[in-house]
Amino acid sequence: MQLFRLGLAWGAAASAMTISLAAANAAPTVLNFWDMNWGDTAYVDAAKALVDEFNKSHADVQVSYRSVPWSNWYETYVTAIASGSAPDISTGAGFQAVQFYGFGEILPVDDVVDAIGADAFSKGTLEAVKWDGHYVALPWMVDIRAIFYRKDLLAAAGINPPTTWDEFRAAAKKLSNGSTYGVVASGDSGGSHWVPTFMISNGAGMFDKERNAAVTSERSMEALDFIGSLVADGSVNPSSAGYSSDDARGSFQRNEAAFILSGPNLPELVGATGAQTAVLPPLKGPHGDLGTVNWVNNIMIYKQSKHPTEAKDFLRWWSDNQLALWTKGNANGIPARAEYQKDPYFQGREHVADIIKNYLPVAQPMSATAGGTFPAMNEVDGDGFLRTLIQKIWQGQSVADAAREAQAHLEELLKK
Amino acid sequence: MSSRQQTAVTGIAWRERARQFTRPEIVTPTVLLIPSLCLIAFLILYPIVQGFWYSLTDGSLLRPGRFVALGNYVELMTNPSFWHSVRFSIVFAVCNIVGCYLLGLGLALLMQMDMPFRGLFRVLLLLPWIVPSVVAIVSWRWMVADQSALFNQIIKAFGGSPIYFLSDSTWAVVVVIGIKIWRSFPFMMLSLLAALQTIDRSLYEAAEIDGANRWQSFWHITLPDIRNISVILCLLMTIWSVNDFDTPWLLAQGGPANATENLVVLAYRYTFARNDVGTGAAVSFITLFILMALFTFVLRLQREDRNA
């Protein structure tokens, strides 16, 4: 009996030692985090530093950071998903999570939203990531479009910053003289943002409530005709159709234009001209509507993740600690977390504070008139038919014909 | 001959044929070729078959999709964007071939003449071909982008009005074709120069003695002698023009308003921007069929010409 007890004691001790040794030697869980490049190199450095901070405070979970460039981003993700090597968690474009959720590749994060609290997010941002009754991602950053103007050029022409469409048209015309123009834009996707911006500013959109294409609806056509009228007035730099967004900024910087549609970081991108740059208030449309377009960028967890619990813990930690991405990393856009928007980093910069105060409350995603986001939005956003539409308008071609073609194309896209 | 004798003769014939196939000079090279054939099948045949299969489905980059038979091809036949791309691809290829050939031949004839710094000129004229396409096209873009760009500065210096090369659909087509010619003519020049140098000089001397002028010598001696290489060069140039993605994409991303969207750019857009792999693959295969048909036609023409 004594021998049996001794054996039992030795056995228990050996088991305990084995378990403790195993625990001590257990490799930490590794999470692959793919982060789009939301700024310049400072952003990547700040994001890496934030990941390091997480890794130091979580010995059992280690996050491996990978910065993903925007060129070919879609191919990067779909190839990874198709080959079974998707990351555990990633940031992504405005409609990425909902589309990948539609493919059955995204894990809903309702519990993370509940834990953080819906009130923590800026108005409308959570709705932008809700589909099929689930939050398919956390909103983390709002990209938004606002009209910037050159204070010096307007002052020299004796023009007050316009507040309505009509005032804007008149000001742009007065500022145009054949070498300087009221407006400069581009023919790339940045230039195509003129379309949803003015549609939303007129209480319209590209879809009706049943998610049918509505490019040629009455209000949408009013918006397109308005953009066309700027071209007809000679108020738009004729190079716009062939310009990239960088070219358009260059033209704005070279005093060739007084108005430009851009994201919140424009003054930081135009050198010394930034000091002469300010934001117009949202322009009131002919029916009294106010609005602009926004994209609520996502951070999402993939179903292929073998560590969904740890990924959700990291997701929450990242959302709670990401202010440094702006304060140290100069990230683009406005944070989706409402409390961060009050930080001096944002409120201390006049143009950003103006955008948060005036534009953010009236901003809507492109899918807003369809009653919220839906999976086809990612393809609609990436398709390029809006680029074709705006390039035709910048060239002075018939707005009605261009809109009809865009309508037919969108119908075909939605049908597929 | 009885049926038994007939069977015996047939058997002997078969054995003889089989013996021919099992001879070492047949077997050894065949065995040695097998690894290469497997590699070719894996690297070329498999992607082609797989790509063709994709063109028969309605899949996306993430989902394999359903079999739709020739649905994607039929749909493309009624798609105005597709026909626009076909038209632009033809215009682009024809203009490039004609432009390249005339410029290449002219310069090759010039480079053949005795002139000072001939070697230096030859090297300089090869530069557009040597410079990486991204560097060349982006540099051109800067030179024609807007009213402040170099070309417009020159036009303004001569009192002209600026031309919006990349913002006007017609001008964008002209610029894309012009830059393609600029990038391609050195290859044409180099190949034609090599062909010109193989022509027997005594033919020209004889023609001169017979009283032929320079034009007659060119028409009756030079052109017939470089005809075969010219056909092959034009065929190659057609393939490279139809398959050119760099020039229209880097210069104008197929714009403005799709004016410079060729079949390759259209296939790229369908596959990666619209996530419609089936239609993208169908566009690619139509391009391949067109090129193969052209290739076969030209080769047959050449063969008939040789036999005549």
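Guide: Domain bounds come from an automatic or database domain assignment. In chain A, that gives domain 1 (25-143 + 295-363) and domain 2 (146-262 + 384-415). This is a predicted model, where local features need pLDDT of at least 70 and side-chain atom pairs count only at pLDDT 80 or more, while totals for chains, interfaces and linings use all residues. Residues are numbered from 1 along each chain as its sequence is written, with chains lettered from A and ligands numbered from 1 in the order in which they are written.

Visitor: How many Å apart are the C-alpha centres of the two domains of chain A?
Guide: Those centres lie 31 Å apart. The C-alpha trace of chain A spans about 105 × 45 × 35 Å along its principal axes.

Visitor: What share of chain A is buried?
Guide: A residue is buried if 20 or more other C-beta atoms, placed from the backbone, lie within 10 Å of its own. Of the 416 residues in chain A, 49% are buried.

Visitor: Which residues have the most contacts inside the largest nonpolar core?
Guide: A nonpolar core is a set of buried Ala, Val, Leu, Ile, Met, Phe, Trp, Tyr and Cys residues joined through C-beta atoms within 7 Å. The largest has 122 residues, and A:Val136 and A:Leu315 have the most contacts inside it. Domain 1 and domain 2 of chain A both give residues to this core, so it lies between them.

Visitor: How many residues of chain A are in contact with chain B?
Guide: Contact is when C-beta atoms, placed from the backbone, lie within 7 Å. Here 26 residues of chain A are in contact with 23 residues of chain B.

Note on methods: Two residues are in contact if their C-beta atoms, placed from the backbone, lie within 7 Å. A residue is buried if 20 or more other C-beta atoms lie within 10 Å of its own, exposed if 12 or fewer, and partly exposed in between; C-beta atoms are placed from the backbone.
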